[in-house]
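Look over the structure below. The questions after it ask what lies behind each label.

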Amino acid sequence: MAQYKLVTCTINGKKREQIVDVRASLTDMIRNNFHLTSVKKGCEVGECGACTVLIDGEAINSCLYLAVWAEGKNIITLEGLMNPDGTLSDIQQAFIDETAIQCGFCTPGFILTATEILNAGVEYTDDELRKLLSGHLCRCTGYQNIFRAVKKTMLRRLGKDAEAELVK
Amino acid sequence: MYDMKALYEATSVENAIELRLEHPEAQIIAGGTDVLVQMREGKRAGKELISIQGLDEIRGVSMDENEAIRIGSLTTFSHITRDPIIQKYINVLGEAVDMVGGPQIRNVGTIGGNTCNGVTSADSASTLHAWEAIIELTGKNGKRYLPIKDFYIKAGTVDINVADGEIQTAVIIPKESYDRTAGFYIKYAMRNAMDIATTGCSVNCRLSPDKKTFERVRIAYGVAGPVPMRVPSAEAAINGKEVTLENIEMFSKTVLEDIHPRDSWRASKAFRQHIAVEMAKRCLIESVKRCGGDV
Amino acid sequence: MSIVGKSEVRVDAFDKATGRTKYYEDRMPAGALYARIKHSEIAHGYVKSIDTSAAEAIEGVVKVLTCFDVPDIAFPTAGHPWSMDPGHQDVADRHLLNRHVRYYGDEVAVVIAENEVAAMQGVRALKVEYDVLPFVLDVQKAMEPDAPQIHEECPGNVLKHTSMAKGNYDEAIQEPGLIKVEGWYETPMVQHCHIENHGCYAYGENGRITVVSSTQIPHIIRRIVGQALGRPWADIQIIKPYIGGGFGNKQDALYEPLCAWCSTQVNGRCVRIDCSREETFVSNRVRHAIRFHIITWLHQDGSIAARKIECFSNQGAYASHGHSIVAKAMGSFPQIYPCDNVQADAYTVYTNRPVAGAMRGYGMPQASFADDANIEDCAKAVGMNPLEYRNKFIMPKGFEDGFSHNVNYYDSFRDCMEKGRVAIDYDRKIKEYQNQTGPVRRGIGMAAFWYNTAVYPISLETSSNRMQLNLDGTVTMQCGETEIGQGADTAYSQMAAEVLGLSSYRDVHVVSCQDTDITPTGLGAYASRQTYVAGFSIRQTGELLKKKILAYASKLTRQMAENMDIRNSSIVRIMDGKVLMSLKELAMTAQYNAADSEHITAESTYTIRNNAYSFGCSFAEVEVDIPMCKVKLLRLINVHDCGKLINPALAEAQVHGGMSMAIGYGLSEQLLFDEKTGRPLNNNLLDYKISTTMDHPDLEALFVENPEPTSPFGTKALGEPPACSGAPAIRNAILQATGVSIDKTPITPHVLYAEFSKAGLIHDDWEKEGK
């Protein structure tokens with residue numbers, strides 16, 4: 001017999017209640033029940049990072065996370081980053097400006113991990129940044145422009161706009 | 001959607017034990033980063049799961065009354081790495097678990113899961129062996145403490161007594177182990193992230209007050225045998241010796257007396273042996289430096 | 001030109017940055033049935049029987065279909081344009097499901113179920129009995145007389161053998177005093193690893209079949225689905241939404257035919273097939289592993305007297321793109337380093353491995369590795385600086401290929417190499433890194449390549465385009481050449497805006513989704529041809545639309561059409577530049593004119609009968625930790641002459657991606673198989689090592705913009721070229737650092753350990769050596 005459970009959580013700032021099959025991954029719940037299709041499936045075993053969401057501010061692979069574990073959690077998907085007035089968050093805008101997007105399939109995950117990185121308010125070294133971004137695979141960009149988008153945004157958030165402009 | 005027969009969510013350690021006694025066939029799931037992968041692959045398809053994900057009581061790092069470092073089994077890798085106690089007393093453990101998979105895995109994967117699946121390549125395992133960690137198990141008869149080397153039985157099997165409803169609740173590093181000691185871990189893998197170790201080597205040492213003599217050197221490997229292992233011959237060969245490059249090289253060559261990596265499609269035995277020696281040397285040199293010594 | 005040549009933001013960037021872009025799975029109709037494939041667990045043999053009873057008993061399982069149920073129709077899968085010449089058609093050697101299984105992972109049955117779990121359980125519950133046959137994984141072994149026979153209709157397993165000769169090799173090598181440089185060069189089977197796996201869904205509508213698929217080539221897929229099902233091609237509708245990368249894997253019919261057929265077996269209900277990553281690795285397509293044997297005879301001055309080249313291409317179990325790949329590889333040799341006496345042979349050989357098809361570079365990464373490894377050794381043999389050697393002997397300015405009639409109009413190779421030399425500080429570094437000792441050493445290396453932009457004259461090159469003037473003065477445009485992540489839609493917008501005189505590329509709305517019922521016929525995305533090929537039909541159709549607009553404007557303005565032009569989205573009088581009316585005004589008037597209403601549209605097809613050379617090179621700098629058998633890539637620079645850049649920022653980004661693929665090709669990527677069973681060992685993203693952010697240096701992309709005379713916008717190939725020369729450049733840098741020539745890729749630590757051991761570099765006397 002199928003087993004169901006009521007899950008109460010916050011998704012993109014909104015309190016949500018959903019009855020889920022306990023066998024569902026968080027990816028399944030977010031995509032199928034809430035139609036937030038920015039959460040992508042690239043491997044479903046935690047190797048590619050395309051399904052990344054933020055749970056209580058931390059990036060996780062939603063494919064390897066049971067939907068029932070979302071109980072009481074605060075979940076952010078890419079759809080949740082746009083401001084209410086329709087403008088984009090700085091990191092989304094940076095991905096656009098720095099040509100960090102190609103096929104777009106890894107983009108949602110990358111932006112969410114970048115959001116966790118940027119929210120730390122720390123100025124990371126290049127090596128540290130590369131390590132913090134290493135849980136996402138991309139086949140189009142060679143990561144170069146993604147890296148630059150994140151680095152520039154990090155510097156801007158720390159008030160180092162002039163330095164950000166010099167990042168190549 | 002996972003092919004799962006049933007899910008039981010534990011509400012406390014006590015409840016987890018009860019569930020385990022009730023459903024002895026069920027698999028414990030903590031962070032899920034290994035169990036769910038195996039379920040997807042079909043290896044654990046159709047199984048029952050007991051989720052301990054909600055047990056906040058066994059999450060976090062603390063110092064107990066004997067100044068032992070207590071790491072709750074559900075503590076995630078990223079929380080271990082960022083923990084001030086870990087950073088101060090056993091930073092190498094934080095560094096080692098910071099090499100597991102990628103950041104999203106480290107935000108979910110737990111040290112308990114990493115040790116309970118009994119895998120030789122686990123990034124925490126060689127360091128925990130080299131620092132003689134104690135595993136705390138809690139079951140219907142109370143708590144049981146095991147040196148980590150006894151916890152690992154064979155590849156994929158650890159000493160957890162399901163009949164007693166046991167679950168792992170903590171990993172403990174006694175003061176005697178970390179006092180005046182520093183170490184270094186090298187993960188040898190085919191890429192710099194998102195990889196499993198071809199071989200992992202963790203070394204730590206305690207030097208004499210004048211930093212001239214090795215008082216105590218400990219070394220352990222992952223993927224040098226079916227389970228993570230210490231290397232007693234090499235340790236015996238260097239303990240009490242002077243801190244010199246010659247002695248470190250002698251030490252690193254001695255590891256071959258104890259380790260027995262195998263040929264697999266991932267790497268040849270000869271290659272693993274060669275790398276093991278080089279890693280031992282580099283790890284000990286770094287450990288000496290971290291103890292304030294000089295080579 | 002004002003819009004073309006600018007680094008405009010991608011037209012799809014906003015949607016992709018906000019997660020709105022819909023890929024095939026995001027458009028899935030509710031209630032679609034899940035089809036899961038049972039793949040063979042032997043590498044070669046016959047299915048004796050399949051017991052489906054246990055699977056059928058599972059709740060939720062709707063239907064089980066096996067290799068005994070499929071129509072007896074053999075069909076080709078390669079995403080080539082159809083040829084009316086039967087001799088030039090692709091090899092039809094596939095069935096929807098196979099009784100004769102030819103690799104570990106072949107399709108033998110499919111379970112259709114109401115939900116994913118039931119489908120998975122159903123597949124596990126199938127009991128397949130086989131007659132097991134011996135199998136073969138290696139090309140040379142497959143060519144032996146007693147090798148297992150993989151296709152009845154192809155005895156000896158050689159799918160095709162072609163030769164190429166110029167001058168007289170045997171005579172030429174008799175010349176006294178020649179220096180012989182010989183090697184065997186080995187390239188691996190790798191996979192595309194687009195982050196979106198292939199998937200599709202199919203349903204019946206009005207007696208026809210619709211397939212929505214993650215594909216690069218909707219119009220070609222329509223033909224193949226028709227062929228595979230034995231239905232008229234017009235019975236099939238293919239819809240291609242945004243896709244998460246393709247790199248050639250999706251330039252093949254993957255599971256569209258099977259999915260369409262499954263739908264017909266459940267009365268036209270919607271059926272979905274979603275490849276897992278494991279299936280993508282093994283049961284889609286891979287890059288051909290090609291083994292080369294090269295003998296180069298040099299004069300004392302280093303010039304090439306004669307060359308013999310043998311290429312052995314591992315096709316895997318089915319023909320797919322077949323011989324075209326190795327034929328292209330073979331053809332590259334006498335063009336890049338011209339030589340009067342060449343003898344070359346290329347073989348495409350069936351083995352019991354996954355099927356090799358198209359992949360970014362189409363034979364050129366393989367050829368480039370082998371050729372630039374051998375050429376590097378030639379330079380070494382005559383004691384010449386490797387860059388100087390290439391400068392002296394690489395394709396000269398004015399070179400014309402006799403077959404394609406491609407011309408090297410400029411001196412592009414030398415232009416590119418000069419730019420790279422300066423950027424990496426080649427001369428200083430090559431000196432600095434000479435004669436190093438010690439365990440950690442640095443080296444610098446380079447390699448070059450040429451590439452064909454399109455497929456003329458081998459295959460048809462046609463491009464169709466439709467434009468309509470919207471009421472606000474913007475233009476909606478449909479192209480058959482698809483957006484697969486490379487930025488094609490943005491380039492098309494820029495070109496169309498340029499031709500039409502619109503004020504911004506944003507005034508061109510490219511309908512990104514191709515629907516074969518609606519979209520004018522084009523061939524999709526493959527080769528490196530989209531911008532080049534679409535450019536012709538965009539220019540032609542744009543001129544047509546403009547003519548119609550100006551004709552209507554003439555009625556309203558009383559000015560002669562030829563005296564007017566469109567500039568900045570307005571109709572202007574050419575002579576004095578006077579703005580007569582805006583395009584918006586014109587469009588509104590034309591549409592709602594009660595006496596003379598016109599919806600202004602244009603449509604045309606252009607048959608391209610040209611091709612264009614694209615050129616480039618890579619420079620790599622490495623640090624080799626000899627005891628650890630590790631290579632750290634310190635710098636990688638690519639320089640390309642792909643003609644005039646339509647969008648420099650997008651071009652640069654595309655080069656980065658190709659360089660990343662080349663790094664994997666050079667250092668870490670390969671599919672491995674168990675010798676005892678033929679089972680794939682590493683068909684997942686953990687064990688198959690594509691580079692992560694931590695495995696790259698900063699990637700540097702530079703350009704030489706020599707405009708291509710045959711192109712309407714001066715542009716030529718860039719999609720595939722960046723993946724070609726990186727691996728041999730890395731190989732040559734390792735050679736400079738260590739003195740060790742490594743003739744196989746990927747150059748993994750295992751390979752380095754073996755090669756360094758042979759070279760006597762694995763020892764523990766570094767201290768002594770240092771002194």
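Q: How do you know what confidence the predictor has in chain C?
A: pLDDT gives the predictor's confidence in each residue, from 0 to 100. Chain C averages 97, and 99% of its residues score at least 70. Where pLDDT is low, predicted coordinates should not be read in detail.

Q: Why is Gly316(C) called buried?
A: The label needs 20 or more other C-beta atoms within 10 Å. Gly316(C) has 25, so Gly316(C) is buried. Its place is in strand E14 (residues 304-316) of chain C.

Q: What makes a residue a contact of Gly316(C), and which residues are they?
A: The C-beta atoms, placed from the backbone, must lie within 7 Å. Not counting residues up to four places away in sequence, Gly316(C) touches Tyr103(C), Val286(C), Thr351(C), Arg353(C), Pro354(C), Val355(C) and Ala356(C).

Q: How far from Gly316(C) is Leu97(C), in sequence and in space?
A: The two are 219 residues apart in sequence. From C-alpha to C-alpha they are 17 Å apart.

Q: What makes E16(C) and E25(C) a pair?
A: Two strands pair if DSSP finds at least two bridges between them. E16(C) and strand E25 (residues 613-625) have 13 bridges, so they pair; the sense is antiparallel. Among the partners, Tyr451(C) is bridged to Ser614(C) in E25(C).

Q: Why are E16 and E27 of chain C at the edges of their sheet?
A: The sheet is open, with 4 strands in the order E16-E25-E26-E27 and mixed pairing. Strand E16 (440-452) and strand E27 (699-703) each have a single partner strand, so one side of each is left without a neighbour in the sheet. On average, neighbouring strands of this sheet are turned by 15° against each other, direction ignored.

Q: Which helix lies across E16, E25, E26 and E27 of chain C, and at what angle does it run to E26(C)?
A: Helix H12 (residues 412-424) of chain C does. H12 runs at about 140° to E26(C), whose residues are 630-641.

Q: What are the domains of chain C, and how do you know that domain 2 and domain 3 are in contact?
A: The domain assignment gives domain 1 (31-133 + 192-283), domain 2 (385-452 + 612-758) and domain 3 (462-607). The C-alpha centres of domain 2 and domain 3 of chain C lie 39 Å apart. Still, 17 residues of domain 2 are in contact with 12 residues of domain 3. The domain 2 side has 9 nonpolar, 6 polar and 2 charged residues.

Q: Which element gives the most to the side of domain 2 of chain B that touches domain 3 of chain B?
A: Chain B is divided into domain 1 (4-50), domain 2 (60-176) and domain 3 (179-290). The C-alpha centres of domain 2 and domain 3 of chain B lie 20 Å apart. Their contact takes 23 residues from domain 2 and 26 residues from domain 3. H8(B) gives the most to the domain 2 side, with 6 residues. That side divides into 9 nonpolar, 8 polar and 6 charged residues.

Q: What makes up the side of chain C that touches chain A?
A: The contact takes 46 residues from chain C and 40 residues from chain A. Helix H1 (13-18) and helix H17 (648-667) of chain C are the elements that give two or more residues to the chain C side. H17(C) gives the most, with 7 residues. By class, the chain C side has 21 nonpolar, 17 polar and 8 charged residues.

Note on methods: Residues are numbered from 1 along each chain as its sequence is written. Chains are lettered from A and ligands numbered from 1 in the order in which they are written. This is a predicted model: local features need pLDDT of at least 70, side-chain atom pairs count only at pLDDT 80 or more; totals for chains, interfaces and linings use all residues. Domain bounds come from an automatic or database domain assignment. Two residues are in contact if their C-beta atoms, placed from the backbone, lie within 7 Å. Ala, Val, Leu, Ile, Met, Phe, Trp, Tyr, Cys and Pro count as nonpolar, Asp, Glu, Lys and Arg as charged, and the others, Gly among them, as polar. A residue is buried if 20 or more other C-beta atoms lie within 10 Å of its own, exposed if 12 or fewer, and partly exposed in between; C-beta atoms are placed from the backbone. Axes are lines fitted to C-alpha atoms, for helices over the stretch in contact, and angles run from 0 to 180 degrees between N-to-C directions.
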